[in-house]
There are 2 protein chains.
Amino acid sequence: MQELFISSRKNETLREAAKLLVSGEVRREKGLFLAEGARLCRDAVRSGITVKELFYTQSAGEKYPEYIMELREKAEKVFCLADHAGELLSGTKNTQGIFCVCSAGEHEKKEIPYNHCLALENVQDPGNLGTVLRTAEALGVGSVLLCGACCDVFSPKVLRASMGAVFRLPVFFFPSLPAAVAVLDAKGFQTFAAVPESDAFPVTEADFSHPTLMAVGNEGSGLSREAKECCGRKITIPMLGRAESLNAAASASILMWEMMRGGAPHGAG
Amino acid sequence: MQELFISSRKNETLREAAKLLVSGEVRREKGLFLAEGARLCRDAVRSGITVKELFYTQSAGEKYPEYIMELREKAEKVFCLADHAGELLSGTKNTQGIFCVCSAGEHEKKEIPYNHCLALENVQDPGNLGTVLRTAEALGVGSVLLCGACCDVFSPKVLRASMGAVFRLPVFFFPSLPAAVAVLDAKGFQTFAAVPESDAFPVTEADFSHPTLMAVGNEGSGLSREAKECCGRKITIPMLGRAESLNAAASASILMWEMMRGGAPHGAG
């Protein structure tokens, strides 16, 4: 494959790629995102994500030859960068100097698996979202639904915190949580709204042997009223201490753990 | 009480207080820390923390009169600030303009409660540490032991993420995790080292009806070899997905939840 060398930070291809680092709008418009780091880029190609462009710095070429060899095979175009040019693509302090412009398109799966499912409403913190996706994968949640105004799942912080779970986990997008519940209701899922109210149904008594949607709200304000009303049942994590509630990521971790503890739903696939 | 007005950002008292915002070294040297925000400052006084100095801006005086009245009663000295001077004490974008210089001294409790206990080794991320403390309080963990090179529990980010749990939860400091285990071993605690190894003892089968120390390691590298070796047993969270492991905060949440689920230890108080 032809491989171009870029030494100028003013190079047009480089500058276009750099826009994907900082702008969610550009990412959505182009249907592309930028993955950074040897491990994360490899996770992307191994998960079947299309790599439009691979960029690697001269230093990276010396330090990570095996990673780059694997990425080069899958990338449609390859560019080697002078180290100072590579900084333009990096969102971290100590960059490894490996970057892939990836297609966001294939990420959209067609069918929501008939399994356990986590729905997030208006989760705004990228670190929280990435952590929740990583935990969802570890605990075998079948899919994640991002509802309402969640932060961009392809932002550099979410990608990093998710440890590549973004590439592997089926993620679906809905304009609102009630819209998601309507779809899963029709498929026969039981639907729970997680709330910090001590009189709600305790998660320890729920039966997760059926396909289940678990809805978790945003960090500051929890689930919206509409979201709580459209779910079949309010559910809560029984607490001992006086903290008003767990934060969104901690709640989601415990709820997903309880779903896993309940075993795979009958007929899950 | 005499109340001084500070209009200059060069005021010496103000500058001394501002050092507590940025420097862990100054905090340790003086045994003081700076709490910011109406809610957090009120949490501090209600938890019996000594407030050496209260600072509030003129805007805060108009917006939060009830909070300031309560804080004023407990503070040893009170200063009203011109709004632009208040910015010097703030670690946030939109400050409420209320700050307390607090004594870190009373925070050290003498006796570790005979109960469930979480030990953290070298946890460096302030957001993670704050979240874990908040979760520990919510799930009724009796105490938290910070071992080795953990980040400063009185840093502004930890205080914020903990939602005031730092003030209420008994927190103890140990030079290393083995030093903490030695103390709790002698008291008759069972001790577990949390590891991401699938052949370790599953947390779902553990008996938490005894006083228990649960050791969790740092985000990147987990528990040190010494820490794993000094604990009675390695314990793990059974996983389904392919993620290499949960992150430190998610693991700690699930482990503390399982301890709570197991019920209070016999003789806990």
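In this predicted model, the side chains of Glu87(A) and Arg9(A) meet in a salt bridge, with 3.3 Å from N to O. The pair links distant parts of the chain, 78 residues apart. Over all chains, the structure holds 32 salt bridges.

**Salt bridge**
- Side chains of opposite charge can pair when their charged atoms come close.
- Glu87(A) sits in the loop between α6 (83–86) and β5 (98–103) of chain A.
- Arg9(A) sits in the loop between β1 (3–6) and α1 (12–22) of chain A.

**Two copies**

**Positive patch**
- A patch of positive charge lies on the surface. Chain A gives Lys93(A), Lys157(A) and Arg160(A) to this patch. Chain B gives Lys157(B) and Arg160(B).
- Helix α8 (156–162) of chain A and α8 (156–162) of chain B each supply at least two residues of the patch.
- Lys157(B), for one, is found in helix α8 of chain B.

Terms used:
Residues are numbered from 1 along each chain as its sequence is written. Chains are lettered from A and ligands numbered from 1 in the order in which they are written. This is a predicted model: local features need pLDDT of at least 70, side-chain atom pairs count only at pLDDT 80 or more; totals for chains, interfaces and linings use all residues. Side-chain values use heavy atoms; hydrogens and water are left out. Patches are made of residues with over 30% relative accessible area and no salt bridge: like charges are joined within 9 Å, nonpolar side chains (Val, Leu, Ile, Met, Phe, Trp, Tyr) within 5 Å. Accessible areas come from the Shrake-Rupley method with a 1.4 Å probe; for residues, only the protein chains shown count as cover. A salt bridge is a side-chain nitrogen of Lys or Arg within 4 Å of a carboxyl oxygen of Asp or Glu. Lys and Arg count as positive and Asp and Glu as negative; His and the chain ends are not counted. The place of a charge is taken as NZ of Lys, CZ of Arg, CG of Asp or CD of Glu. Helices (H or I, at least four residues) and strands (E, at least two) are DSSP runs, numbered from the N terminus.
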